[in-house]
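Subject: Structure handover, ligand and metal sites

Hello,

Here is the structure for your files.

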Amino acid sequence: MNTSGFTEAVRAVGDWIRSERREFNANHVETKALNSLVSYVDQQAEQMLIERLTSLLPGSGVLGEEGGESWIDGGFNWIIDPLDGTTNFIHDLPPYAVSVALMQGRDLVWAAVYELGQARMFTAERGRGAFCDGRVLDVRHGAPLRDGLVATGFPYHEFSQMPQYLEALQACFRGSRGVRRFGSAATDLAWVADGRFQGFFEHGLAPWDVAAGILLVRESGGLATNFFGTELDDYDLVRCGSITAGNPQSYRDLIQLTSDVFTQP
Ligand code: IPD
Ligand code: CA
Ligand code: CA
């Protein structure tokens with residue numbers, strides 16, 4: 001599969017988002033649900049991605065955060081978060097990213113996370129590795145959790161697992177170099193694949209938050225599962241809502257923690 005056109009489509013839309021940020025103000029913001037914001041930038045970026053990507057791969061379907069849905073069972077489907085980290089974007093804080101994954105049947109086969117704060121393009125192709133602007137990403141020998149940083153997302157709209165979340169957080173405070181909450185799950189996962197973070201866990205995520213990042217982590221030699229390490233295919237994994245990820249050593253430490261602390265749905 002020639003994927004360079006996919007990467008260029010993601011780059012073009014990301015660059016458009018960066019240019020819109022220069023003129024952006026709070027009048028453009030709408031509230032979708034509790035603490036869930038959106039603007040014309042998210043919506044137009046999704047439309048641009050859908051048009052470009054489906055014309056590069058005729059017959060492909062889409063699952064997009066801003067309503068684009070035309071899933072083709074068993075076919076090729078794009079899973080699109082046009083702007084992951086919308087709250088950061090609105091507050092003019094990095095990071096925020098375009099996150100796009102391609103699923104073939106029930107397998108993730110291609111992914112891109114274009115992080116717009118540093119303008120870094122992370123890509124992965126199933127069985128062919130993960131890259132940042134052409135540099136190979138390899139976390140197979142990454143540090144254990146106690147010598148690393150953990151990324152997470154704080155609960156902001158669904159608070160049912162708050163006690164478990166706080167317990168996991170406390171264990172990470174004690175068992176790592178520190179915890180970071182940057183506000184873009186796709187970027188968190190890309191940065192696990194890049195070895196900046198050694199581990200990541202978050203609850204309450206949607207398919208478009210995690211699909212691209214899961215393939216990036218996996219293709220860099222790391223692991224990404226639900227909180228319990230359950231064997232799920234990619235179709236179910238992106239929909240399961242909870243992700244624990246890391247390089248192999250840190251993942252082992254973190255999965256022990258999340259599977260102990262959280263309760264299986
Ligand atoms: C959000 C970001 C954030 C995570 C939230 C997501 P959005 O996506 O990934 O880091 O904590 O759960 O919803 O709404 O900015 O695309
Ligand atoms: Ca998102
Ligand atoms: Ca989004």
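Predicted model: local features only at pLDDT ≥ 70, side-chain atom pairs only at ≥ 80, totals over all residues.

Residues are numbered from 1 along each chain as its sequence is written, chains are lettered from A and ligands numbered from 1 in the order in which they are written, and side-chain values use heavy atoms, with hydrogens and water left out.

Ligand 1

The shell around ligand 1 has 14 residues, and D84, G85, T86, Y156 and E202 are the closest. A residue belongs to the surroundings if one of its heavy atoms lies within 4 Å of the molecule. By class, the shell holds four nonpolar, four polar and six charged residues; Asp, Glu, Lys and Arg count as charged, Ala, Val, Leu, Ile, Met, Phe, Trp, Tyr, Cys and Pro as nonpolar, and the others, Gly among them, as polar. Strand β4 (residues 76–84) gives the largest share, three residues; strands are DSSP runs (E, at least two residues) and helices likewise (H or I, at least four), numbered from the N terminus.

Ligand 1 lies between domain 1 (3–136) and domain 2 (145–261), because both give residues to its shell. The domain bounds come from an automatic or database domain assignment.

Oxygen atoms of ligand 1 lie 2.7 Å from a side-chain N or O atom of D84, 3.0 Å from a polar backbone atom of S184 and 3.2 Å from a side-chain N or O atom of D81. Taken alone, ligand 1 exposes 380 Å², of which the protein buries 91% (Shrake-Rupley method, 1.4 Å probe).

Calcium ions

Which residues hold the calcium ion (ligand 2)? Its protein donors are D81 (OD), D84 (OD) and D209 (OD), at 2.1 to 2.2 Å. Donors are N, O and S atoms within 2.8 Å of the metal (3.2 Å for Na, K and Ca), and sites may look incomplete since water is not among the atoms. D84 in strand β4 and D209 in helix α6 (residues 207–219) are 125 residues apart. D84 is buried at 5% relative accessible area, and D209 is buried at 12%; buried means under 20% (1.4 Å probe, protein chains only).

The calcium ion (ligand 3) is coordinated by E65 (OE), D81 (OD) and L83 (O), at 2.2 to 2.4 Å. D81 bridges the two calcium ions, which lie 3.7 Å apart. Both D81 and L83 are buried.

Regards

Technical notes. Polar contact = N/O pair within 3.5 Å; in protein donor to acceptor, adjacent residues only side chain to side chain. Buried < 20%, exposed > 50% of the residue type's maximum accessible area, 1.4 Å probe, protein only.
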